[in-house]
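Let's take a walk through this model together, starting with a pair of helices and ending at a single side chain.

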Amino acid sequence: MAEWVCRALRDGALEGEHAPALTIKDSIATPLGFDAFCHVLSQLSTNIAAEKSQSRALVLVAFSRSPSYYVDLLKRRGLDISSSQQWIRILDCYTDPLGWRERLMECGSAKNLSHEASNLASTCRNVKDVDKLFSSVISLGKGLVGQGKVRFSVAIDSVNEMLRHASLSSVAGLLSNLRCCDHISSIFWFLHADLCEEKVTAVIEYMSSMVASIEPLIPFANRQRGISENLSLVERNFTKGKFHVRCKRRNGRVRVMFEEIHIGQSGIYFTSPSFEDGLVNQVNQGLLPKVQFNLQLSEKERNDRAKVVLPFEHQGNGKPVEIYDGRKSLMDSKYEAAPVSTGNSKINDESSKGEIIYFRDSDDEMPDSDEDPDDDLDI
């Protein structure tokens with residue numbers, strides 16, 4: 001599903017439509033959202049560098065990490081930094097968000113960025129001014145793609161940092177203006193859902209067309225477990241989780257998908273959900289309600305169920321299967337058996353057919369007719 005999300009951002013927006021927007025959110029229970037953000041950023045950067053994306057450039061708005069961090073990230077993913085000046089710009093809102101570092105640099109108390117990061121970064125010294133932030137993103141993007149119809153993508157590494165310096169309405173307006181801009185192909189951002197109110201999360205999700213939430217693979221709501229077992233579950237959730245994606249389609253329908261996300265020494269990777277994990281089954285069984293009947297099947301019961309031949313399955317045993325459609329064929333009229341006599345109560349021939357013979361109880365009983373028997377009633 002992560003690859004499907006990356007393809008949606010790569011394909012960009014159709015003519016006359018808003019740019020696709022992705023919200024990546026996590027919580028303290030499974031803090032893997034930033035790893036997923038870096039994965040999407042790397043995949044989109046690879047497609048842009050290879051000219052396989054609708055967008056031809058990328059503007060990264062860095063709030064939670066320095067530009068040097070993202071330069072090293074792109075290096076580790078095998079991208080050529082020397083040629084990256086042609087397709088990526090970093091709006092540095094991390095180094096000096098309020099203009100204090102500039103004063104320290106005048107006193108000689110602050111260090112500058114690395115040479116590679118300084119070539120790609122443009123410092124923003126007043127993140128409270130949302131309008132200036134929007135104009136900075138647009139100017140950086142147009143500086144890469146020009147003034148034509150070529151589009152660029154936007155990535156924001158922390159919406160929470162934006163909400164620290166600006167109101168919710170200002171941040172929502174910024175995201176909406178970025179989506180509506182004709183020069184932007186796609187946009188995605190990262191959000192810590194448990195660091196803000198539910199209404200804030202709802203507004204941010206409303207602004208996006210795709211929501212990818214990182215959820216715990218193993219919930220530990222049962223407080224009766226031991227401390228060691230809870231610690232093992234916490235450690236497991238810090239390296240593994242459920243990547244749950246909700247996408248709004250153009251026809252108004254919502255598509256829901258999920259898969260497992262794993263963080264290892266080799267990096268991040270996604271797999272299809274596995275329901276045979278012993279620990280997961282053990283936890284799920286512990287969460288089942290206490291009832292008087294068994295909700296699980298034994299191995300013998302599973303085998304017996306698998307051997308049952310359903311009515312719609314093939315039962316011809318090598319012979320052609322004939323399906324009766326309710327109409328008599330010519331072949332049936334030739335071999336139609338004689339009616340069974342009413343005086344004989346035994347059926348000797350299994351192939352013979354029976355019929356129902358109705359006898360009236362008395363001659364006073366009127367035969368069936370089209371007349372309404374209650375026609376004489378005055379209701």
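Predicted model: local features only at pLDDT ≥ 70, side-chain atom pairs only at ≥ 80, totals over all residues.

The crossing of the two is right-handed. On the α2 side, the residues that take part are Phe34, Phe37, Cys38, Leu41, Ser42 and Ser45. They meet Tyr69, Tyr70, Leu73 and Leu74 of α3.

The side chains of aspartate 157 and tyrosine 70 are joined by a polar contact of 2.6 Å. Other residues that aspartate 157 touches include Phe34 and Phe37, two residues that also belong to the α2 side of the helix pair. Further along the list of its contacts come Val61, Ala62, Phe63, Ser64 and Arg65, as well as Phe190.

What about charge partners? Aspartate 157 is buried but has no salt bridge. The nearest side chain of opposite charge is that of arginine 65, 6.2 Å away, and a salt bridge calls for a side-chain nitrogen within 4 Å of a carboxyl oxygen.

Stepping back to the whole chain, you will find 13 helices and 10 strands. Of its 379 residues, 35% count as buried, and aspartate 157 is buried too. Among contacts between residues at least 6 apart in sequence, 72% join residues at least 24 apart.

Notes: Residues numbered from 1 in each chain as written. Heavy atoms only, no water. Buried < 20%, exposed > 50% of the residue type's maximum accessible area, 1.4 Å probe, protein only. Lys, Arg positive; Asp, Glu negative; His and termini not counted. Polar contact = N/O pair within 3.5 Å; in protein donor to acceptor, adjacent residues only side chain to side chain. Contact = heavy atoms within 4.5 Å. Left-handed = near helix turned anticlockwise from the far one by under 90°. Helix = DSSP H or I, 4+ residues; strand = E, 2+ residues; numbered from the N terminus. Lists of a residue's contacts leave out its neighbours within four places in sequence.
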